[in-house]
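Here is a brief report on how one protein chain is put together. Keep the sequence and the 3D view open while you read.

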Amino acid sequence: DISQPAEAQKPKEVESFAETADKNSNFNSIKMNIHLGITFFTKNNYVKAYHYYQKAWKLYKSFPETCYQFALTLFHLQMFDDAFAVLEKRDISMTTVIQRAIDINLLGDIEGFRGNYEKAEEHFQMSFKLFCYGYE
């Protein structure tokens, strides 16, 4: 019998941990939910990523990383209006200039998929200015 490599065993461990976390309220922390969301997102399992990012977002809606990751997951699920709403509700005073530029770039992507190309271009230009010059 040939044993499975460690990489092949990890998804089962993550699934098991995620199930335990869902059943136990002591595991309900923002960091844990973000990390589980990241894990499932990187595996292109956007539905499970959505579940954990939504939990993290409900715990702390203004946390910049949560807003971006949740919005990006919604974008991949083609829930453009919801992704836009999450980014619009974020507290920009808590974000760095670079994070704002990344958020605004995602808003441009959303507007492009909505067919609002002029708005998309405005967002992309604003994002570019933030990246390059540090102001909108």
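## Helix packing

Helix 4 (residues 64-76) packs with helix 5 at an angle of about 170 degrees, and their axes lie 8 Å apart. Angles over 145 degrees count as roughly antiparallel, so helix 4 and helix 5 are roughly antiparallel to each other. Helix 4 brings C67, Y68, F70, A71, L74 and F75 to the contact. Helix 5 answers with F80, D82, A83, V86 and L87. Note that this is a predicted model.

## Overall make-up

The protein has 7 helices and 0 strands. From the N terminus, the order of elements reads α-α-α-α-α-α-α. Of the 136 residues, 36% are buried. The accessible surface comes to about 8400 Å², and carbon and sulfur atoms account for 53% of that surface. Take the contacts between residues at least 6 apart in sequence: 47% of them join residues at least 24 apart.

## A leucine in helix 6

Helix 6 spans residues 97-114 and holds L106. Is L106 buried or exposed? L106 has 3% relative accessibility. Buried means under 20%, so L106 counts as buried. Which residues does L106 touch, leaving out those up to four places away in sequence? They are Y68, A71, L72, F75 and L87. Y68, A71 and F75 of helix 4 also take part in the contact with helix 5, as does L87 from the helix 5 side. L106 and Y68 are 38 residues apart in sequence, yet their C-alpha atoms are 8.5 Å apart in space.

## Salt bridges

Side chains of opposite charge can pair when their charged atoms come close. A search of the whole structure finds 3 salt bridges. They are listed here.

| D81 | R114 | 2.8 Å |

Start with D81 and R114, whose side chains meet in a salt bridge. This pair links distant parts of the chain: D81 sits in helix 5, R114 sits in helix 6, and 33 residues separate them. D81 is exposed, with a relative accessible area of 53%. R114 is partly exposed at 30% relative accessibility.

E111 is buried, with a relative accessible area of 4%.

D103 is in helix 6, while R90 is in the loop between helix 5 and helix 6; the two are 13 residues apart, and the pair links distant parts of the chain. How accessible is each partner? D103 has 0% relative accessibility and counts as buried. R90, at 11% relative accessibility, counts as buried too.

Which residues make the nonpolar surface patch? L59, Y60 and M94 do, and the patch covers about 250 Å². M94 lies in the loop between helix 5 (80-88) and helix 6. With a relative accessible area of 35%, M94 is partly exposed.

Technical notes: Residues are numbered from 1 along each chain as its sequence is written. This is a predicted model: local features need pLDDT of at least 70, side-chain atom pairs count only at pLDDT 80 or more; totals for chains, interfaces and linings use all residues. Side-chain values use heavy atoms; hydrogens and water are left out. Helices (H or I, at least four residues) and strands (E, at least two) are DSSP runs, numbered from the N terminus. Buried means under 20% relative accessible area, exposed over 50%, partly exposed in between (1.4 Å probe, protein chains only). Contact means heavy atoms within 4.5 Å. Patches are made of residues with over 30% relative accessible area and no salt bridge: like charges are joined within 9 Å, nonpolar side chains (Val, Leu, Ile, Met, Phe, Trp, Tyr) within 5 Å. Accessible areas come from the Shrake-Rupley method with a 1.4 Å probe; for residues, only the protein chains shown count as cover. A salt bridge is a side-chain nitrogen of Lys or Arg within 4 Å of a carboxyl oxygen of Asp or Glu. Axes are lines fitted to C-alpha atoms, for helices over the stretch in contact, and angles run from 0 to 180 degrees between N-to-C directions. Angles under 35 degrees count as roughly parallel, over 145 as roughly antiparallel, 65 to 115 as roughly perpendicular and the rest as oblique.
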